[in-house]
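Student: Can we go through this model together? I'd like to start with the strands and then move on to the helices.

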Amino acid sequence: MIELRGALVTADPPRSADERGRRGRRAGTAAEPIARHDGPLRILGPIDLTLTEQRIAVVGANGSGKSTLARLLNGLTLPAAGQVLIDGLDTRRDGHAVRRRVGFLFTDPDAQIVMPTPVEDVALSLRRTGVPAADRDARAREVLARVGLAERADLPVRALSGGQRQLLALAAVLATEPEILVCDEPTTLLDLRWRRVVTDLITELSQQVVLVTHDLDAAARADRVLVVDDGRIVADGAPEATLATYRLLMGVDDEVRRG
Amino acid sequence: MKQPAHPEHDASVPSQTSQTSQTSQPASTRLNSAPAVSTTLPTVAKLLALAMLGVAVVALRGPLSALLLLTAVLTCAALARLPLRATARALLPILITAALAAGYQWWARGPAAAVEVAADLLTLVLAAAVLTATTPADRLLDVLSAAVRPLRRVGVNPDALALAVTLLLRTVPEIARVVSEVRDAARARGLSRDPRLWLTPAVLRVVGRARDQGEALAARGILD
């Protein structure tokens, strides 16, 4: 179960040109704090949520705070205030245990894959699960077979297509057998065919899945949809109603009517 | 170093696919969780050779010894069957760095110092490339992790340190790829002549990529 209790994410505001100038003039003098009149910028929240459904989709415009919400769930981003609890574990206090439970799939698989071949990259994930070195290779191949990459286990990663790399990134996450999978726009960089392959694979997983996406067809298949706008959850519920709200918010319905 | 190159170094050669499988010992033949001695020994030997080469590069002075060491490493690269074009492309940033360093040394200390510095730099980087090209990353990690395990007593995480070293050794082809992409982008805009126009974005992209990879490793719990 995922719980957000007043979770708030902030960032320091960019310094104004005036402040930068003052700081520059003071360089080399005794340290003197610069008075900052702006408070921290609110990026997301405060959010109160309890997520128990098996399939949860998060939609929203670019820069609305979707990815920040996703990152909160794995502990990649820690809340400035409030709490994020995964099965009762606090992401701030129990980060290690949280990351064991929550797998994270990034938009760009190239950032996630660090080893030269698929089998080695999945084996890297298996190292932290305590799989003996003797079994790692075979286990890695089993996981790759689950996502349809058995034949490509020993190919150089750069010989894989974008879709295959995303499948590899997914395999590397699934190798650790997380209980929850958070996917941050995993199909954004893929063509239609690979988008379907990756989405279908994610849909069939036994794990609880939080899917951040721009693909409204995929969102429509979720049990629950969250619409994020300007760092707040503006709609939350069954796909039909929430996606209608999202379309209105984006002005898509108006365009359809005008078209 | 007579093993064929790791498949990473040539994506276009399907026959190399099976070579990694051949170098990976079947799981059923291994006796315990530690890698078998017969499989780690060549990796240990290669790492020791790399370390000794590093010492030799520093200890032996003069252009002649530097060129001899470079020749030895070039021979190893040939024996390891490193693909010439891919390796040259991967080493391009190092070649540029070596040329710049040699130019400065020539101006400051003369031609002998220039040859020595350039040859030493190329020797070490090419030797690292040969090591990573002929060694499965998982095995390299196992050996490095075992080697630095005593440092656990002073608070060092041996797995994290081994992973950092492994990634560092693999950085050269990654940087080359980024530089190549950025240069292509500059060329497409007719800006290829001035290196400053692609060097800055290339550096920024390399740093950004390193940050993204660190974040992804953290998300996978590998750094815990």
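Student: In β7(A), which residue is the bridge partner of A:V102?
Tutor: A:I180 is the bridge partner of A:V102 in β7(A). Before going on: this is a predicted model, where local features need pLDDT of at least 70, side-chain atom pairs count only at pLDDT 80 or more, and totals for chains, interfaces and linings use all residues. Residues are numbered from 1 along each chain as its sequence is written, and chains are lettered from A and ligands numbered from 1 in the order in which they are written.

Student: How many bridges join β6(A) to β7(A)?
Tutor: Four, and the strands, β6 (residues 102-105) and β7 (residues 180-184) of chain A, run parallel. Strands here are DSSP runs of E of at least two residues, helices are runs of H or I of at least four, and both are numbered from the N terminus. Two strands pair if DSSP finds at least two bridges between them.

Student: Which way do the residues of β6(A) point?
Tutor: A:V102 and A:F104 point one way, A:G103 and A:L105 the other, and all are buried. Buried is 20 or more other C-beta atoms within 10 Å of the residue's own, exposed is 12 or fewer, and partly exposed is in between, with C-beta atoms placed from the backbone. In a regular strand the side chains alternate between the two faces of the sheet.

Student: What is the strand order in the open sheet of chain A?
Tutor: The order is β2-β1-β4-β5, with antiparallel pairing. β2 (41-51) and β5 (89-90) are at the edges with a single partner strand each, so one side of each has no neighbour in the sheet.

Student: How many bridges are there between β1(A) and β4(A)?
Tutor: Five bridges join β1 (residues 2-11) to β4 (residues 81-86) of chain A. A:L4 stands opposite A:V84 in β4(A).

Student: Which helix lies across β1, β2 and β4 of chain A?
Tutor: Helix α2 (residues 66-74) of chain A does, running at about 120 degrees to β1(A). Axes are lines fitted to C-alpha atoms, for helices over the stretch in contact, and angles run from 0 to 180 degrees between N-to-C directions.

Student: Why is α2(A) called largely enclosed?
Tutor: Because nine of its nine residues are buried. Among them are A:K66 and A:R71. A:G75 follows α2(A) and has a positive phi, near 85 degrees.

Student: Changing topic: how many helices and strands are in chain B?
Tutor: Chain B has 10 helices and zero strands, while chain A comes to 11 helices and 10 strands. Of the 224 residues of chain B, 30% count as buried; for the 259 residues of chain A the figure is 46%.

Student: At what angle do α3(B) and α6(B) cross?
Tutor: Helices α3 (residues 63-79) and α6 (residues 111-134) of chain B cross at roughly 25 degrees, and their axes come within 8 Å.

Technical notes. Two residues are in contact if their C-beta atoms, placed from the backbone, lie within 7 Å.
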